[in-house]
Amino acid sequence: MARKTKSKTTSAPAKETVQLTAETEGDDAAPEVEPIDSEDDDDVDEASESQSQSEEEYDSAAEDDEGDDANHPDEESSDFDPEVSDEDEFEDQGSSDDDEDRLERQMKDDDDDDESDVEILEELDVVRSWPKELTGKKRAGGPNSTAVKPADRDEKGAAASSSASDAVTAADADTTAKWMHADDLSSDDEDADGAGNRIGRVPLHWYDDYDHIGYDAHGQRVVKSQSSSASKDILDRVIDAADDLEANAAGNGKFTVYDALNARDVALTPRQVELIRRLQSGAFAHPEHDANPDYVAYFSGVDPEVSGLNSDRYEKKSRFQPSKWEKLQVRRLLHRLKCGSINMDYLEGRVRDMNDLVSKSKDEDPSGDKPFLLWKGDEEDELALRKGPQHMPAPKLPPPGHAYSYNPPEEYLPNEQELKEWEELDPEDRPYGHFVPKKHPNLRSVGAYEHAVRERFERCLDLYLCPRAMKRRLNIDPESLVPSLPKASDLRPFPTAKVVAYEVPETNATKKEDAAVMVRCLTVSPDGQFLVSGDENGVVRLWEVQTGRLLRSWDLMLVLSVGEENDDQNDKSQQGEPQTKKPVSSLEWNPNRSHHCLLATIGKCAIVISTGTGGPDDSELTDALLSAASACKHGGNIAPESRAAKAVKWTSLQHKKSSKSSSNVNANTPPISAYGTASGPICLLRTNRECTHVQWHRKGDYFVTVSPKAGAAAVLIHQLSKAASQQPFGKVKGEIQLACFHPQKPFLFVASKEHVRVYHLVKQMMVKRLMSGCRHISSLDVHGSGDHVVVGSLDRRLVWFDLDLANTPYKTLKYHERALRSVGFHPRYPLMASASDDGSIHVFHSMVYSDLMRNPLIVPVKVLRGHNVVNSLGTLAMVFHPTQPWLFSAGADGKIHLFQDL
């Protein structure tokens, strides 16, 4: 019966490797030649080339081949069913990944061979051969056997197979297995005719209800044997087992086991029994295996210590270093010696065990009454070192004073009035408790203390009834708690000295009252050339920074009278009654360098003033920006149905020429620049309540006004180029004090008395609420990066917020003695300043890093003083120069100063 194995790969068509070429034509009784495969050929070649190859490795390879052959049944047989021979179905029945790896390895070996060799292998009839040195008998198909040529195959095929079967006898097989240390029990030898069960790894309980146990290699059913032990009852099994024991005792019996896969009884050979016995005893399975072979010396030469494998190696580093283990042992012995658990006799070896010394000392002094110190002074240390709960000593009583002396001084002796007062008090409230100081002539005259037992009893009650807690004292140097700050000289430049003073001219009213005019607000042009101040009389003055010269003055009280001519609420002013002066509460120059105009708030109005300081190009841009405001009519370009229409009204001051006051407004204010077209107030925005604060957007077109008493209309956003206004909030929480724009994002900061809320103008939602912890916020400024906000309050607090960290203050500084009036950042230098009613200005080095992992550095560097305190008011306004490390300040004493870095 011809038997071939087909190997399948994914990249190339299947190739066939002939494992056995002996063919029989329908003769089942003809002997079959033992099959070979690529792995067997490799093993035989290696065995013939090297006799020192490990016998155990060959044995394991032979056993692996047995498992591989058992898992691969015949696939191309003459009487094999084509449905059963399908490779996919066969693999589903029990093929493993190891089999597929083996087939791929065989295909790789076959691809390496030439095509001529493949053709010769298909024609040759090769059987397994054994080396001459391993056996004395020649085996059919051995090295001396002649292979059948392809031409003589047809004539001598049957003869070769019959001669091979005659040559392979039982004695030869046993001798070969003995010498090869392997059992010739491959799957083909056990089931040469393919009648064994070939179902693979299929659970056997699936066939419990059938009369067969599976299928053989030919697709035939493997019928369960009726004579097997599984078909017998328990009594028959016991009888058979007893018979086997008797036969084994007589020496002619066999060990029989039940093969569940094929449903039959199998008799074990003596060698198989020996293998099982050795495995159970924990020895090597094969008795021929030598577990302790003779040592082979791998060095050559006379001196094995010099010559050999380790002759050229360097000494280890540990050979030249002290042992860590010995160091640890010495440390332990020193510790035990210090503690007293061992002595020098034990270390020197005189005493084997320390228990001998203890027992010897007890024998010498059985009483053990040796003198010892009653107070050693280290009792507290022993209590602290002992195990268990921490010992808390009782608080010690204060030592007795002079009053407890038997002869106290006269000043410690109470008189009769003091004794009466002590008697009325409780003993706890008396100076000395129950004790009354008395004077005795000598120490013998001192009697027993009548309250001694009572005081001792109360002391004991306090000790075990009052709870005690351990209080640790920290010995910390106060200087170490102060953060190490850089020197102020290393943080220059910053303003240090007063250089220029701007003298405010005196009016008739100030001369009569002999009091200076308070300057409440300041602002600087973006180029740093001009300074604008606003005082409490409603006058706005324009100064030249370098020279301190007064260039222009605008009395905004005249502007208010012009705006109130058409109102119904100014009957008193029209009848000739005097009008009270109103201060200029806020000033802000347009941050755009091309727009030469500023905003001023006075009373209920916000006034747009053209400075007339621009060049030819800037004057045209300024006129274009102010064109809509100067020509506005009917309250401005505001929708009548909007909320802002009721809150604000735009009024142009260019068309008010009929009244006498309007002519006085612009008559004597020509523009400073030769290219300027207008100088002075341009338009007026009237709100319902008093306007206290104004702030520009960084682009110079939008600005925001704040009216704290206006309720929902407290915050109004205006656009100067369109003369339009809008009210962003329908309702507000608290009384709004300040408002300003974010320098980069569409955010609006709105400050109430205690909180600062950040609103997103595009999304129309609140982004964050900053909790300042202040009672009344007075000033607000945003850093140029937009990530830091500084807030000043009337309760002397300077609060720094880091918007990336939290809504609580990053730093809270209290350097001033009175309320803060103004705080601000320098637009270019890392400087920050705060002005207070104590007349001083504190300058800080405030470095903000681009690295988000570093916190801002805030260092106080200078305190500037130059203003006097008038009516509890000191420095009211402060502003930095836009390009230089200079600072302008204005105070209640009517002075304006410029501080520079000198």
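Predicted model: local features only at pLDDT ≥ 70, side-chain atom pairs only at ≥ 80, totals over all residues.

Me: Okay. And how many bridges are there between β17 and β18?

Reply: Four bridges, and the two strands pair in the antiparallel sense. β18 covers residues 702-706.

Me: What's the strand order in the sheet with those two?

Reply: The order is β17-β18-β19-β20, an open sheet of four strands with antiparallel pairing. The edges are β17 (693-696) and β20 (724-726), and each of them pairs on one side only.

Me: How much are neighbouring strands turned against each other there?

Reply: By 25° on average, with direction ignored.

Me: Which residues point which way from β13?

Reply: C597, L599 and T601 point one way, while L598, A600 and I602 point the other way. Residues on both sides are buried.

Me: So what does β13 pair with?

Reply: One partner is β12 (residues 584-589), which is antiparallel to β13 and pairs with it over five bridges. Another is β14 (residues 605-610), also antiparallel, joined to β13 by six bridges.

Me: Can you give me some residue pairs? Which residue of β13 is the bridge partner of W589, and what stands opposite L599 in β14?

Reply: W589 has L598 as its bridge partner. L599 stands opposite V608. Going back to the burial, both L598 and L599 are buried, and they point opposite ways from β13.

Me: How many residues sit between β13 and β14?

Reply: Two, and the strands form a hairpin. In the turn, G603 has a positive phi of about 65°.

Me: Last one, the sheet with β29. What's the strand order there?

Reply: It goes β29-β30-β31-β32, which is an open sheet of four strands with antiparallel pairing. β29 (820-825) and β32 (857-865) are the edge strands, each pairing on one side only. Neighbouring strands in this sheet are turned by 20° against each other on average, ignoring direction.

Me: What stands opposite A835 in β31?

Reply: I841 does.

Technical notes
Residues numbered from 1 in each chain as written. Heavy atoms only, no water. Pairing = 2+ DSSP bridges. Axes fitted to C-alpha atoms, helices over the stretch in contact; angles between N-to-C directions. Buried < 20%, exposed > 50% of the residue type's maximum accessible area, 1.4 Å probe, protein only.
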